[in-house]
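This report is a guided reading for someone meeting the structure for the first time.

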Amino acid sequence: MEEYDIAIIGGGPAGIMAAIAASQNSSSVILLEKNSSLGRKLLLTGGGRCNITNNKPIKKLLSFFNNKNFLKHSFYSFTNNDLFSLFDFDFITEDDDRVFPVSGKSVDVLKGLSDKLENVVISYNFEVKTITDGFVINDKLKADKIILATGGVTYPQTGCSKDNYFLTSQPITDIKYGLSPLITCNDLSGIAGVTLKDVVVSYNKSKVRGNVLISHIGLTGPAIINLSNEISRDISYNLLEGDVDLDLVIGIDLCPDFSHEELLDKFTNDFQTRGKTHLKNYLKNFLTNSFIDYFLNQVSLNCDLELSRVNKKSKNRLIENLKRFTFKITGFNGDLAKITIGGVDLTNVNSKTMESTLIPNLYFAGEILNLHGPTGGYNLKIAFSTGYLAGLSASKKVI
Ligand SMILES: Cc1cc2nc3c(=O)[nH]c(=O)nc-3n(C[C@H](O)[C@H](O)[C@H](O)COP(=O)(O)OP(=O)(O)OC[C@H]3O[C@@H](n4cnc5c(N)ncnc54)[C@H](O)[C@@H]3O)c2cc1C
């Protein structure tokens, strides 16, 4: 039976980074990957451009995650500058501090990382199915230490699977969709492709500002997928027990820069002074052109109505809907959920080392952990930082 100091299971960003860090101290590291190549999900990130991290200062950055205290040590142990120093090309920072490789190609990031694996044995097409006593993997090889970096459950075509949560006896929290488009029962066929720019979406007390993209079956775009995290956290379900339907309403503030009162004042004034203007034309000041017909249809007002003919009741209905246009949500579009919420329960993992507090010499890294962030480079940040710390800690224990 082959024997290694450290076996890393899963060749995504977390596993690759763990292997890079571990191989600095140990010459006996094996990376086991189920697919015939590394980093399939990494290649899809940022629409193929790889939003590799987020450049906010660490203290501010941490506030965006579900468990900032757990992540603190890993973020300080492996900073963005440490990450950038691994590559022989530059990165650019775009709006909201999102960082991309200058080439705009995730394949370059994967290649840059893979080039650092020269001291690591890589075994492709190796799906770990069992880990038995003494860290014997698939009855084939043995390791002193194991780093589990098998990811979450979404995008199964990239290699993820629910089965991985049962490879060890480590407690797991509820598993949920994260950063997911939402499905609505509203008929959107006439407006699919329309973007509502810089609106505020809300569910209960959660509010997220950003763009909403309308698809044939529902809503997506940064504001919606970030709101989906709030929805997922708020409702009780567990994907390990079955899928989930939703029955809830979300609101969209289509004019977030105006208060209800400001709109009322403005409309009252404009409806008098511009009485001959058609409602549809007037609303171009507030709404994307291609959304106006749908909007007016939903609020039961005629596009060609002249402003002077809009009565008080209709004016109020107009303003109410501009401030809170609702969609009934019937589900997550789980096939397109970018991340998994939930995973290995952090109460049983040492945040200074990523080692299990229940099973010595077992480490975790990346999305398998109960850690998640919004869209914007935050989730790869988790993968790289926890991966690095897990690899470093496991190899330090080897010495
Ligand atoms: C479409 C899309 C776009 C995204 N864009 C961004 C972005 O721009 N920025 C960002 O920060 N985040 C983004 N994310 C999220 C980010 O990709 C993930 O959070 C990140 O890939 C998690 O890394 P990981 O290494 O933990 O898991 P994964 O990347 O899922 O890697 C896990 C690896 O383990 C392997 N594996 C699984 N089970 C086994 C097994 N039993 N035996 C052996 N190998 C196994 C898998 O094949 C896979 O290679 C995006 C996600 C998606 C789906």
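Predicted model: local features only at pLDDT ≥ 70, side-chain atom pairs only at ≥ 80, totals over all residues.

One place to look for the pairing is V201, which stands opposite I252 in β15.

Strand β15 is also joined to strand β16 (residues 325–332), with which it runs antiparallel over five bridges.

## The chain as a whole

The protein chain has 399 residues, of which 44% count as buried, and its secondary structure comes to twelve helices and 18 strands. Along the principal axes, the C-alpha trace spans about 85 × 45 × 35 Å. Among the contacts with a separation of 6 or more, 75% are made by residues 24 or more positions apart in the chain.

## Two domains

The chain is divided into domain 1, made up of 2–173 + 342–398, and domain 2, which covers 180–338. Between the C-alpha centres of domain 1 and domain 2 there is a distance of 38 Å. The contact between them takes seven residues from domain 1 and nine residues from domain 2, and on the domain 1 side these residues divide into three nonpolar, three polar and one charged.

## Around the ligand

The ligand is surrounded by 39 residues, and the closest of them are G10, G12, G151, G159 and G366. By residue class, the shell divides into 15 nonpolar, 17 polar and seven charged residues. Three helices, α1 (13–22), α2 (40–44) and α12 (378–398), each supply at least two residues of this shell.

## A helix with a buried face

Which residues of helix α4 (residues 68–77) are buried? They are F70, L71, S74 and F75, and because these buried residues fall within an arc of 120° when seen down the axis of α4, they line one face of the helix. An α-helix has 3.6 residues a turn, so residues three or four places apart point the same way. On the face of α4 turned away from the buried side, the exposed residues N69 and Y76 are found.

## A three-stranded sheet

An open sheet of three strands has the order β3-β5-β4, and its pairing is antiparallel. Since β3 (53–54) and β4 stand at the edges with a single partner strand each, one side of each is left without a neighbour in the sheet. Two bridges join β3 to β5, and in this antiparallel pairing the bridge partner of N54 is R98 in β5.

## Two residues with positive phi

Most residues other than glycine have a negative phi, and most peptide bonds are trans. Against that background, D97 has a positive phi of about 65° although it is not a glycine. D97 lies in the loop between β4 (91–93) and β5 (98–101), and because 16 other C-beta atoms are within 10 Å, D97 is partly exposed.

For N361, which is likewise not a glycine, phi is positive and near 75°. N361 is placed in the loop between β17 (339–341) and β18 (362–364). Is N361 buried or partly exposed? With 16 C-beta neighbours inside 10 Å, N361 counts as partly exposed.

C185 is found in the loop between β11 (182–184) and β12 (195–203), where it counts as partly exposed because it has 13 C-beta neighbours inside 10 Å. Which residues is C185 in contact with, once its neighbours within four places in sequence are left aside? They are K328 and T330. Although C185 and K328 are 143 residues apart along the chain, their C-alpha atoms are separated by 6.4 Å.

Note on methods: Residues numbered from 1 in each chain as written. Near = placed C-beta within 6 Å. Helix = DSSP H or I, 4+ residues; strand = E, 2+ residues; numbered from the N terminus. Nonpolar A, V, L, I, M, F, W, Y, C, P; charged D, E, K, R; others polar. Domains from an automatic or database assignment. Contact = placed C-beta atoms within 7 Å. Buried ≥ 20, exposed ≤ 12 C-beta atoms within 10 Å, placed from the backbone. Pairing = 2+ DSSP bridges. Arc of directions from axis to C-beta.
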